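Please read the numbered points alongside the sequence and the model.

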Amino acid sequence: MSKETNSKELDAELFISSSLRVGVYLSAVVIAIGLILLFVTGRSGYQTDQFPTTVGEVLSGTIYLKPSAITSLGLLLLIATPVFRVAASVLLFLFEKDYLYTVITLIVLCILIISFMLGKAV
Amino acid sequence: MHTGLSVMIFAFSLVAGFLGALLGLGGGIIIIPALTLALGVPIHEAIGASIVSVIATSSGAAIAYVRDKITNIRIGMFLETATTLGAITGAFIAGLISTKLLSIIFALLLLYSASAMFKKRHSELPTGVKEHPLAERLHLSSEYYDKALKENVEYKVSGIYPGYGVMYGAGVISGLLGIGSGVFKVLGMDVFMKLPMKVSTATSNFMIGVTAAASAGVYFSRGDINPLVAGPVALGVLVGARVGTKIMERLNNQTLRLIFIPILIYIALEMLLKG
């Protein structure tokens with residue numbers, strides 16, 4: 001019994017650690033590419049003190065390889081990482097049939113989504 | 001362009017990420033003064049960058065802490081229901097309540113906790129902890145391998161209700177004031193729930209990213225997250241946090257607490273001044 005739960009917990013921890021690693025490394029690489037492009041070309045792709053502030057602007061700027069847009073894309077990926085981690089945990093607990101923690105993580109995910117929507121409204 | 005400035009921001013962020021990973025804080029106490037006072041970055045961009053710093057510290061450190069089971073993910077997930085709800089409450093009551101009064105109340109609470117922590121400065125691990133029945137139902141008590149003690153440490157969880165209350169308060173305060181969410185999380189787990197210090201800082205680290213991500217969208221659309229500032233911050237913090245996790249796992253719980261107490265007093269005084 002205890003052995004079984006131990007191996008299950010180990011899986012859960014490795015899974016969450018890996019999902020965080022993917023998000024962190026991916027965003028770090030994208031941010032680094034944006035900054036290197038900025039230093040090499042010497043321009044941000046926008047006027048001084050200007051940068052994209054919506055997801056749409058970030059994506060369209062990235063297509064045109066604007067250094068500031070690429071860096072912002074990396075930052076958005078970084079910001080999304082904890083949310084991605086919570087969403088991955090919901091699936092993980094569901095998969096493990098740990099319904100108590102499926103509900104707990106689902107509550108966290110819902111509150112996060114609500115706070116994102118509230119943030120837009122404010 | 002300003003390559004020199006970016007390198008300076010990167011260097012400060014290394015330190016912030018290192019300390020943040022060690023102590024379970026977001027690094028805002030280093031990032032904000034370093035950017036505004038030393039480098040002349042506008043305050044709103046410094047705050048935006050510190051939100052990014054919190055997320056980078058949290059995710060960067062959690063890769064190692066979660067894998068090595070120092071983070072208690074069940075405690076983290078359970079308490080996140082309180083911190084995120086608190087953060088929303090904070091956003092709602094902003095403007096309704098005097099932040100001055102709140103700052104003073106929380107500063108006094110921090111000073112009280114500093115003395116409580118100082119009293120147990122000689123205890124390496126919590127002893128004689130009675131497990132709370134709810135902790136048993138939620139499978140919160142756990143164990144981890146301590147690289148400093150070179151032994152497996154089993155621990156029990158108590159004080160669920162006061163701990164949950166402190167987490168809710170930590171969420172409210174970070175939603176309202178934008179600072180100190182990490183400190184209160186560490187305190188709630190160390191002082192009330194009686195977890196080993198390492199588990200408290202690592203689990204706090206795990207949680208602060210989620211709380212910060214909830215408010216990051218607002219800062220982004222408001223134009224507070226300048227890629228030229230927040231980009232170097234993110235990279236510096238990520239590298240610093242990775243180094244911090246390697247050092248923290250080899251430190252004693254007592255040493256960690258001794259590093260934490262002066263920072264606690266510093267934050268308390270800063271909040272008192274704000275009030």
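**Notes on a predicted model**

1. Beyond its neighbours within four places in sequence, B:Leu176 makes contact with B:Gly90, B:Ala94, B:Thr99 and B:Leu102. The structure under discussion is a predicted model. B:Leu176 itself belongs to helix H7 of chain B, which covers residues 160–177.

2. B:Gly90 and B:Leu176 are 86 residues apart along the chain, yet a distance of 4.9 Å separates their C-alpha atoms.

3. Is B:Leu176 buried or exposed? There are 22 other C-beta atoms within 10 Å of B:Leu176, and a residue is classed as buried when that number is 20 or more; B:Leu176 is therefore buried.

4. Chain A contains four helices and zero strands, so that its elements, read from the N terminus, follow the order α-α-α-α. Of its 122 residues, 38% count as buried. Among the contacts in chain A that link residues at least 6 apart in sequence, 53% are between residues at least 24 apart.

5. The two chains also meet each other. To this contact chain A gives 45 residues and chain B gives 46 residues. On the side of chain A that touches chain B, two or more residues come from each of helix H1 (2–41), helix H3 (67–95) and helix H4 (99–121) of chain A. H1(A) provides the largest share, 16 residues.

6. The composition of that side of chain A may be noted as well: the residues touching chain B comprise 28 nonpolar, 15 polar and two charged.

How values were computed:
Residues numbered from 1 in each chain as written. Chains lettered and ligands numbered in written order. Predicted model: local features only at pLDDT ≥ 70, side-chain atom pairs only at ≥ 80, totals over all residues. Contact = placed C-beta atoms within 7 Å. Nonpolar A, V, L, I, M, F, W, Y, C, P; charged D, E, K, R; others polar. Buried ≥ 20, exposed ≤ 12 C-beta atoms within 10 Å, placed from the backbone.
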